[in-house]
Amino acid sequence: MKLTVNGVAREIESPLLTPLLAVLREELQITSPKAGCNQGGCGACTVLVDGEPRRSCLLPVAAVNGAEITTVEGIGTPERLAPVQQAFVHHYGAQCGFCTPGFLLAAHAYLAHGGTDDRAGIEEALAGHMCRCTGYVKIIDAVAAAARGDSFDLSTTAAGRFTTHTEAAR
Ligand code: FES
Ligand code: FES
């Protein structure tokens, strides 16, 4: 079987029914997709398959033979983060980070399909993604900011200043 993963052609040797999540993590050593529930219920394993968010824990690799797979490494680099990645940093959309790759990819697809900063639309796009840490407000703030095309000074954010708060709250 063949996959294109983050733009690189890969030959896959795992058995046909191996979940895509296991192929990515164990055969290809791409560990950003996380095994949360392994039952389709949490979204932590989400990757893009031909541009659409899919739960890789439920997908036998044979079902995606020939597909283009994108993990969070494929949408930006530490030096050149994608807009939605910048927004997550700026708005503190990640805490422990376990759920974050899945949220980022679902949000990236939502924005690629013309998603706006409408909160109901964002909630629908992210439905079924579980986060134990953030309470979701900052995640939705981040996606809305990316949809608006906000720009961010990440050097300020990375210095630990609460850039989503008012000046008085610092
Ligand atoms: Fe796939 Fe939870 S690990 S949905
Ligand atoms: Fe910890 Fe979402 S940031 S589970």
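Where is C45 found? C45 lies in the loop between α1 (20-27) and β3 (46-49), where helices (H or I, at least four residues) and strands (E, at least two) are DSSP runs numbered from the N terminus.

## About the model

This is a predicted model, in which local features need pLDDT of at least 70 and side-chain atom pairs count only at pLDDT 80 or more, while totals for chains, interfaces and linings use all residues. Residues are numbered from 1 along each chain as its sequence is written, and chains are lettered from A and ligands numbered from 1 in the order in which they are written.

## The chain as a whole

The chain has six helices and five strands, and along the sequence these elements follow the pattern β-β-α-β-β-β-α-α-α-α-α. The radius of gyration of the chain is 16 Å, close to the 15 Å that the globule rule gives for 170 residues, so the chain is as compact as a globular protein of that length. The radius is taken over C-alpha atoms, and the globule rule is 2.2 Å times the number of residues to the power 0.38. Along its principal axes, the C-alpha trace spans about 60 × 30 × 30 Å.

Of the 170 residues in the chain, 42% are buried; a residue is buried if 20 or more other C-beta atoms, placed from the backbone, lie within 10 Å of its own, exposed if 12 or fewer, and partly exposed in between. Among the contacts with a separation of 6 or more, 60% join residues 24 or more positions apart, a contact being two residues whose C-beta atoms, placed from the backbone, lie within 7 Å.

## Helix α5 and its partners

Helix α3 (residues 100-112) packs against helix α5 (residues 137-148) at an angle of about 30°, with their axes 11 Å apart. The contact is made by F103, A107, Y110 and L111 of α3 together with I139, V143, A146 and A147 of α5, and by class it has eight nonpolar, no polar and no charged residues. Here Ala, Val, Leu, Ile, Met, Phe, Trp, Tyr, Cys and Pro count as nonpolar, Asp, Glu, Lys and Arg as charged, and the others, Gly among them, as polar. Axes are lines fitted to C-alpha atoms, for helices over the stretch in contact, and angles run from 0 to 180 degrees between N-to-C directions.

The axes of helix α2 (residues 83-90) and α5 come within 8 Å and cross at roughly 135°. The helices α2 and α5 are therefore oblique to each other, given that angles under 35 degrees count as roughly parallel, over 145 as roughly antiparallel, 65 to 115 as roughly perpendicular and the rest as oblique. The contact involves P83, V84, A87, F88 and H90 of α2 and A142, V143, A145 and A146 of α5; these residues divide into eight nonpolar, one polar and no charged.

## Individual residues

C45 is buried, with 27 other C-beta atoms within 10 Å. Leaving aside residues up to four places away in sequence, C45 touches several residues, including L21, P33, R55, C57 and G102. C45 and G114 are 69 residues apart in sequence and 23 Å apart in space, C-alpha to C-alpha.

Q29, in the loop between α1 and β3, has a positive phi of about 60° although it is not a glycine, and Q29 is exposed, with 7 other C-beta atoms within 10 Å. D50 is found in the loop between β3 and β4 (52-55); D50 has a positive phi of about 50°, although it is not a glycine, and is exposed, with 12 other C-beta atoms within 10 Å.
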